[in-house]
Structures are given as C-alpha cells and as structure tokens.
Amino acid sequence: MIPPHPPKTTTAPIFRPEERSLETDVSRRQTVRGGVSTGFTNLDEYMTIKKGFPLFVAGAPHHGKTQFIKQLLVNLSRLHGWKHCVYLGEDGSIEDIAIELVEIYTGQPVRHHDDKGGEVEGYLSDAAFTAAFLWVNEHFYIVSPDDADVANFDVETFYRWVDEYSVREGVKFDTTVIDPWNDLSMDLSSKGGREDLFLSDALKKVRVSSRNNDRTDIIITHIAAPYAKHRTEGGQRYAAPAEPYEWRGGQEVHRRAYTMLLVYRPPAPDTLRFGKVTFDTNVGETWLMVQKSKPRGVGKLGRAVLYYDKRTNTYSQNVLTDA
C-alpha cells in the first residue's frame, strides 16, 4: 500500500530526497507509469490514458475528432467503469448525443429513419435500446450551457459546474470534455488584449484541474486553415496532417499540453505520397497521430490507424469492406 502523501507545508516547499525515502521506495516497487488502455491495441502502443494529466486533441473539420473521443470514452467506461462529464457543443441536443452514445456502445443503428426519412434496416430493438440507454446514463453526464442562466461560458465556469455537481450528487468523474475549445468565452481585458497570454493561463487551469481532481480533462480544438496543396494518385486534392505548431494556439498549446493527439482522415480509398513514402488508404481510414507524449511512460510519438463506420458511428481496427 502506498503511504499517504504528507500534508502540504506552510513553509518553503523544498525537500531533500531522503525526506521522501519511504514514498520513493514504494513508488519504485509498485508504481506503473503508463495509463489505462484506450480499447484499441494498436493505439495503446502510442497512447494510454492516465488520470491526473489532460489530453489535447485537434483536427480539421469533418476528420472525426469528436466521434473518436466519444468512442474512446465508451471504451474507457466499458473497460474500466469510468464516468464522464462532457460538453459537446457541436453535436446537437442532449437527445442527439445520447442516441449516438448508444450507437457507439451497441455498434448498431438506433434511429428508425435516416436523414431523408427512409426506414433504417436493422435498428436496435426497444428492449436492447433501453438496456443500452441505461448503461449510457450510468457513465455519461452532459453539460448544456444553453440551459443555464450565465452570461459567459468560460473554462472557470465549466470546471465550477463539474465540481459543484460532483459534490452535490456524490459522483466522481474520471474525465471531462470541452469540445470545441473555441466555444468558451475569452476575456482578454486582463491580458492587455493578448490571446496568447490568455490561452497560456487557461491551459494552465486545465492542467491544474486534471492534477487536483485525479482525472483526465480532454480539450478538443481546431487546426489552422488547412491548405490542400497535394493531390492523391486518384487526383483528389488534400491537405497534409497539421504539425503541432499549426494547432489553434500554436506554441502555447505545444508548451502547455501533455499528450497531443491529431485526428486526420486522409482521402480514401486512394494512394497518397509524402516524399518517398506511399500510403494506400481504405474506406473510413483515420490516422491517430500522437504529436507530443507526456508524462514519460504513457506513450510515444507515432501513428495508429482506425476505421470509421458511418452506419454505426463506430471506430474499429478492422478494415471496412464497403462504404
């Protein structure tokens, strides 16, 4: 059993290692530096999820970053029993979000009709939907700022709501999600109008929130406008994956972030060429690119490939046989 951490000091917080010799010895024997599985064995090679540290995710519009995070959260609940408090500002109503989470959990269509009013084949039965809905209800809590009497929805407000609800309802959240980051209000007046200073302070709040609450706070943001200067072998124009400095916030995000994950959906099916390297892509192919990995032991830089099935709104490691 790891001994409890000594109480915080009111004097200068400077220590000689021998003052923590017992904790150090226990840590070297028992502590596992890596996090828990994402539910995808190929992605686990590059990224695991560790409480106490935030996860930053970016991607171009329609590349599947939000959908991937919902899949990740379902996996974390299925494998580890985790609970999530999520703001998904671009995913529609609470009802829409609940339906998609049920689809991800079951891997089956839930809606009786498609977007054009036609009947969907193989949708979930009423009994199966009820069971899956109860599972989603057990693991997911949805933040809806539109239902609150608040002038500004900023990062402080979000975390205050999470903390207040957690105390009032007695629920311990393992993750939170803010998606998209640019939905939050930004008051630059105290920073002389400088967005970089504001962003640095806000991202520090995210790091502190994860550490103090022993959870993984997830931030989803955008990249700079992609420039489609490349062409596939099939003639499609496309933009290359964004570099870390091309994330919204650039250097500040790169400095403050722990794990940085880029979600990139290449043109598919087709053939892409980057210099001397060629990639043959398949239907639904999505690249999960770890562009920064901290703390040590949770992962490494690299790329994993998943496949998105738009019929069931799910990701898997299996190549899809059709569109």
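Rings of Phe, Tyr and Trp (the six-membered ring for Trp) count as a pair if their centres lie within 6.5 Å. With that in mind, Tyr-87, Phe-153, Phe-158, Tyr-159 and Trp-161 form one aromatic cluster in this predicted model. Across the whole structure, the search turns up 17 aromatic pairs.

A pair of aromatic rings is described by the distance of the centres and the angle of the planes. Here are those values:

| Pair | Centre distance | Plane angle | Class |
|---|---|---|---|
| Tyr-141 and Tyr-165 | 5.7 Å | 65° | edge-to-face |
| Tyr-141 and Phe-173 | 5.0 Å | 80° | edge-to-face |

Why is the pair of Tyr-141 and Phe-173 called edge-to-face? Planes over 60 degrees apart fall in that class, and the planes of Tyr-141 and Phe-173 stand at 80°, so the pair belongs there.

Where do the partners sit in the chain? Tyr-141 lies in strand 3 (residues 140-142) and Tyr-165 in helix 6 (residues 155-169), so that pair links distant parts of the chain, 24 residues apart. Phe-173 is found in the loop between helix 6 and strand 4 (175-179), and its pairing with Tyr-141 links parts 32 residues apart.

The two partners can also be described by accessibility. Tyr-165 is partly exposed at 28% relative accessibility, whereas Phe-173 is buried, with a relative accessible area of 2%.

The charged end of Arg-20 sits over the ring of Phe-15, 4.5 Å from the ring centre. Likewise, the ring of Trp-287 has the charged end of Arg-303 over it, 4.5 Å from its centre.

Note on methods. Residues are numbered from 1 along each chain as its sequence is written. This is a predicted model: local features need pLDDT of at least 70, side-chain atom pairs count only at pLDDT 80 or more; totals for chains, interfaces and linings use all residues. Side-chain values use heavy atoms; hydrogens and water are left out. Rings of Phe, Tyr and Trp (its six-membered ring) pair if their centres lie within 6.5 Å; planes under 30 degrees apart count as stacked, over 60 as edge-to-face and the rest as tilted. Helices (H or I, at least four residues) and strands (E, at least two) are DSSP runs, numbered from the N terminus. Buried means under 20% relative accessible area, exposed over 50%, partly exposed in between (1.4 Å probe, protein chains only). A charge sits over a ring if NZ of Lys or CZ of Arg is within 6 Å of the ring centre and within 35 degrees of the ring normal.
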